[in-house]
Amino acid sequence: MKKYTYTEKKDTRSGFGAGLAELGRTNPNVVALCADLIGSLKMEKFIEENPERFFQIGIAEANMMGIAAGLTIGGKIPFTGTFANFSTGRVYDQIRQSIAYSGKNVKICASHAGLTLGEDGATHQILEDIGLMKMLPGMTVINTCDYNQTKAATIAIAAYDGPVYLRFGRPVVPVFMPEGTFEIGKAIQLTEGTDVTIIATGHLVWEALQAAEALEEQGYTAEVINIHTIKPLDDAAILKSVKKTGCVVTAEEHNVLGGLGESVARLLTTQLPTPQEFVGTNDTFGESGTPAQLMEKYGLNDKAVIAAALKVIRRKG
């Protein structure tokens, strides 16, 4: 099995900052808006180089979404920046009415998603945002796994015409994907296997790779697929793998209700009924703690993926 290694760890939000800065140099229509969280979103370089293309809205997220929608009418490509909780839950009505309903070309860029926000606790750790956003007609939903992929995705969505939700995180995580490895709607197969398909997104992709190595030591080969684009889902890549392995585990830092796992289950139920196990939070809010503590408590790590894989392999008989 192909092994993945890394030489450094970086936060995915810094990948967003690097991608936005590059867009500032290459695309004069890109503008940025922030809700009083410039440092948290790593937007400093873009602002330094393009002060006239930055709008500090303050703690008024709903207003930020309305302004972003209006900027598209003049041909601008607005990138909004705040925490995932404030990018979705706080402003859902504005996104639905002003952006999604009219297909405005707004890029909703959301940091500090999921449990790995850490010590800020449940009020800031949104675990429902993927479900909220994927249900909006015409909304593209992206959840990247490391610094390189987040930078590539940030650059790619500027060239895509339509509303996009780009989700990333706060903690430093391994940088293991090659630079520039990203295409909207195209899954990336990371390993080959015949015993189980592990479909992971975001921070759980690295955990899935670690799980695959441990499973190999037990005599099982796992096919790991990086699903960075949850909507539109790469149906063909998923079906091709599951036809070979006969069972699947989905892994995400999100509620299993409404997340990636449900999208995969919908696909398999209608086209290829298959045993499936889910790794994710289960109808719960988070709590305060370090990212590592929370991922352990809520079962969002390699150990949880291994257990789910062994269970679903037994189920397929």
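Which residue does lysine 10 meet in a salt bridge? The partner is glutamate 8, with 4.0 Å from N to O. A salt bridge here is a side-chain nitrogen of Lys or Arg within 4 Å of a carboxyl oxygen of Asp or Glu. Before we go on, please note that this is a predicted model, in which local features need pLDDT of at least 70 and side-chain atom pairs count only at pLDDT 80 or more, while totals for chains, interfaces and linings use all residues. Residues are numbered from 1 along each chain as its sequence is written, and side-chain values use heavy atoms, with hydrogens and water left out.

Let us stay with lysine 10 for a moment. Lysine 10 is partly exposed, at 26% relative accessibility, and glutamate 8 is partly exposed too, at 36%. Buried means under 20% relative accessible area and exposed over 50%, with partly exposed in between (1.4 Å probe, protein chains only). Lysine 10 also lies over the face of tyrosine 147, 4.0 Å from the ring centre; for this, NZ of Lys or CZ of Arg must be within 6 Å of the ring centre and within 35 degrees of the ring normal.

The structure holds 14 salt bridges. In one of them, glutamate 49 and lysine 45 bring their closest N and O atoms to 3.9 Å. These two are separated by about one helical turn, because they sit 4 residues apart in helix α3 (residues 44-49). Helices (H or I, at least four residues) and strands (E, at least two) are DSSP runs, numbered from the N terminus. Both belong to a salt-bridge network that links Arg25, Lys45, Glu48 and Glu49. Elsewhere, arginine 167 and aspartate 129 form a salt bridge with closest N and O atoms 2.7 Å apart. This pair links distant parts of the chain, with arginine 167 in strand β7 and aspartate 129 in helix α7 (residues 129-134), 38 residues apart. Both arginine 167 and aspartate 129 are buried.

Strand β7 leads us to its neighbour. β5 and β7 pair in the parallel sense over 4 bridges, with tyrosine 165 in β7 as the bridge partner of isoleucine 108. Strands count as paired if DSSP finds at least two bridges between them. Strand β4 (residues 77-83) also runs parallel to β5, joined by 5 bridges, and phenylalanine 83 stands opposite serine 111 in β5.

How does β5 present its side chains? In a regular strand the side chains alternate between the two faces of the sheet. Lys107, Cys109 and Ser111 point one way from β5, Ile108 and Ala110 the other, and all are buried. A search of the whole structure finds 0 disulfides (pairs of cysteine sulfur atoms within 2.5 Å). For cysteine 109, the nearest cysteine sulfur is that of cysteine 34, 11 Å away.

Finally, the rings. The structure holds 5 aromatic pairs. Rings of Phe, Tyr and Trp (its six-membered ring) pair if their centres lie within 6.5 Å; planes under 30 degrees apart count as stacked, over 60 as edge-to-face and the rest as tilted. Phenylalanine 16 and phenylalanine 168 are stacked, because their centres are 5.0 Å apart and their planes at 20°. The pair joins helix α1 (residues 12-26) to the loop between β7 (164-167) and β8 (172-174), across 152 residues. Phenylalanine 16 is buried at 0% relative accessibility, as is phenylalanine 168 at 3%. Phenylalanine 176 and tryptophan 206 form a tilted pair, 5.1 Å centre to centre with 45° between the planes.
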